[in-house]
Amino acid sequence: MILAINWPHVWMVTGVGFCMVIALLVVLIFILKLLGSVISGAVKAPKADAPKAAAPAAAPAATAISSADDDLAAIAMALHLYFNGVHDVEPTEIHIKRVERSGWNSKLYGMNNLDR
Amino acid sequence: MADILEFFGKMGFMNMTWQQGLMLLISFFLLYLAIKKQYEPLLLLPIAFGMLLTNLPGAEMYHSELWTAFLDESSPYYHSYGAIMSHGGLLDILYIGVKAGVYPCLIFMGVGAMTDFGPLIANPKSLLLGAAAQLGIFLTFLAANAMGFTEAEAGSIGIIGGADGPTSIFLTSKLAPQLLGPIAIAAYSYMALVPVIQPPIMRALTTKKERAIKMSQLRPVSKTEKIIFPIAITTIVALILPDAAPLIGCLMLGNLAKECGVVDRLSKTMQNELMNIVVIFLGLTVGATATASSFLNIRTIMILSMGIVAFGCGTAGGILLAKLMNVFSKEKINPLIGSAGVSAVPMAARVSQQVGQEENPSNFLLMHAMGPNVAGVIGSAVAAGILLTMLG
């Protein structure tokens with residue numbers, strides 16, 4: 001049965017097929033990198049042409065990064081609390097605190113009755 | 001009296017063969033897995049129910065002989081959808097969508113509308129990991145040939161290693177429709193078992209130190225890049241490999257609808273209503289192809305066993321390439337993200353995250369693993385296109 005198989009063709013499909021998958025995706029990597037550099041270049045271009053105009057824009061960019069960092073920190077803290085079980089555990093029960101009155105510290109007993 | 005006897009004679013119980021009885025039991029087991037164990041329930045439930053319906057004697061909802069005649073060049077019904085419409089049952093008519101390759105493409109449209117390609121655009125090298133994980137497809141193709149399957153059947157079995165249900169169904173419906181039932185069930189069952197299959201392979205192929213590698217944060221991706229990405233990928237892939245165009249084109253159309261932000265209604269329809277309707281039709285009809293005569297044979301067991309080999313080889317391929325990339329690259333990659341190169345979105349990425357956190361609880365690999373994960377979807381569609389071109 002194995003001898004009846006067209007092994008040269010099977011090996012060709014295996015080898016060429018896998019190499020083509022790799023080759024095509026490598027082409028896509030180059031295109032994505034090119035795309036990324038072109039678009040980031042297009043964004044950076046006005047800064048190079050007009051440095052004075054770009055200066056005020058730096059503040060919002062910094063704020064945006066800072067905001068993203070804050071978000072990440074909040075998410076990381078939430079995950080840490082959740083996975084390590086250190087979050088406050090609320091019993092979700094309401095209790096009425098009953099105060100027992102003994103009178104041991106009552107002001108009445110601490111007062112002196114002075115005859116005047 | 002004769003009428004009563006005739007009535008009893010027509011009952012399914014009186015006409016059931018033991019093979020059909022066994023298939024009903026298998027469908028009950030799959031329903032149990034879908035409902036109780038929640039193994040890919042959205043697909044496994046309709047598949048199992050389709051299997052139940054097709055094996056009910058006398059129900060006449062699916063006719064495998066009609067589809068045999070449809071593929072037989074000497075038959076008067078060769079490639080005659082008219083014959084299917086006039087003589088077929090409910091499931092035969094719905095199966096036309098599988099046969100014509102329509103449902104898998106529509107599902108890909110929904111997948112595209114739900115997928116964020118941002119991590120892949122931010123780190124294009126992820127595509128290499130997605131490509132390496134397709135190793136399982138081609139190694140299994142070799143093994144299936146050695147086990148006596150035809151080349152077309154071997155290609156369909158190999159694609160299970162892509163861990164992509166719609167792609168498996170698309171390719172099998174074109175190359176080896178007689179194997180559609182077992183291949184679809186193998187593909188979806190193993191996708192559900194990714195958290196069981198992958199971790200032992202991941203631990204075996206990596207050291208503790210490698211699993212603890214922390215990767216730097218991905219760069220932000222602009223909206224313009226996200227809009228250009230689907231257009232560029234479709235154009236390039238379809239020009240190089242026209243047979244992959246239906247899958248890649250639909251995947252990227254869905255993604256473009258999501259990212260462009262001007263067709264929210266279409267994007268939501270693709271993600272929800274369209275996707276859900278097609279999943280029902282696809283699951284039912286794929287399950288219906290699992291008739292007793294086509295399913296209960298040694299070839300099904302061989303397909304199921306080779307499917308798991310394909311999955312394992314794909315996982316190993318991605319991890320080994322990530323390790324190789326670490327040799328040449330300055331910025332280290334955690335090899336665990338390589339295993340996410342088999343599609344199975346987002347399950348495989350979640351497995352990378354979990355195994356990574358076992359080693360280092362402060363390590364968050366999820367977004368890094370999403371890059372190879374979505375690259376795997378593209379990679380498996382490309383591999384399907386290549387197999388279709390070479391074997392179709």
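## Chain A: fold and confidence

Chain A contains three helices and zero strands, in the order α-α-α along the sequence. Helices (H or I, at least four residues) and strands (E, at least two) are DSSP runs, numbered from the N terminus. This is a predicted model, in which local features need pLDDT of at least 70 and side-chain atom pairs count only at pLDDT 80 or more, while totals for chains, interfaces and linings use all residues. Residues are numbered from 1 along each chain as its sequence is written, and chains are lettered from A and ligands numbered from 1 in the order in which they are written.

The average pLDDT (the predictor's confidence in each residue, from 0 to 100) is 73 for chain A, and 53% of its residues score at least 70. Within chain A, helix α1 (residues 7–49) has the highest confidence, with a mean of 84, and helix α2 (residues 51–83) the lowest, at 65. Over residues 52–64 of chain A the pLDDT stays under 50, and the model has two contacts beyond four places in sequence for this stretch. Two residues are in contact if their C-beta atoms, placed from the backbone, lie within 7 Å.

Of the 116 residues in chain A, 8% are buried. Buried means that 20 or more other C-beta atoms lie within 10 Å of the residue's own; exposed means 12 or fewer, and partly exposed is in between, with C-beta atoms placed from the backbone.

## Contact between the chains

Chain A contributes 23 residues to the contact and chain B 34 residues. On the side of chain A that touches chain B, α1(A) gives the most, with 19 residues. By type, that side has 19 nonpolar residues, three polar and one charged. Ala, Val, Leu, Ile, Met, Phe, Trp, Tyr, Cys and Pro count as nonpolar, Asp, Glu, Lys and Arg as charged, and the others, Gly among them, as polar.

## Helix packing in chain B

Helices α7 (residues 90–99) and α19 (residues 264–288) of chain B pack at an angle of about 110°, their axes 9 Å apart. α7(B) is therefore roughly perpendicular to α19(B), a term for angles of 65 to 115 degrees. The residues in this contact comprise nine nonpolar, two polar and no charged. Among those of α7(B) are L91(B) and Y95(B), and α19(B) supplies residues including F281(B) and T285(B).

## Backbone features in chain B loops

V345(B) and P346(B) are joined by a cis peptide bond, with omega about -10°. P346(B) sits in the loop between α21 (298–328) and α22 (347–359) of chain B.

Q38(B), not a glycine, has a positive phi of about 55°. Q38(B) counts as exposed because it has 12 C-beta neighbours inside 10 Å.

Methods:
Axes are lines fitted to C-alpha atoms, for helices over the stretch in contact, and angles run from 0 to 180 degrees between N-to-C directions. Angles under 35 degrees count as roughly parallel, over 145 as roughly antiparallel, 65 to 115 as roughly perpendicular and the rest as oblique.
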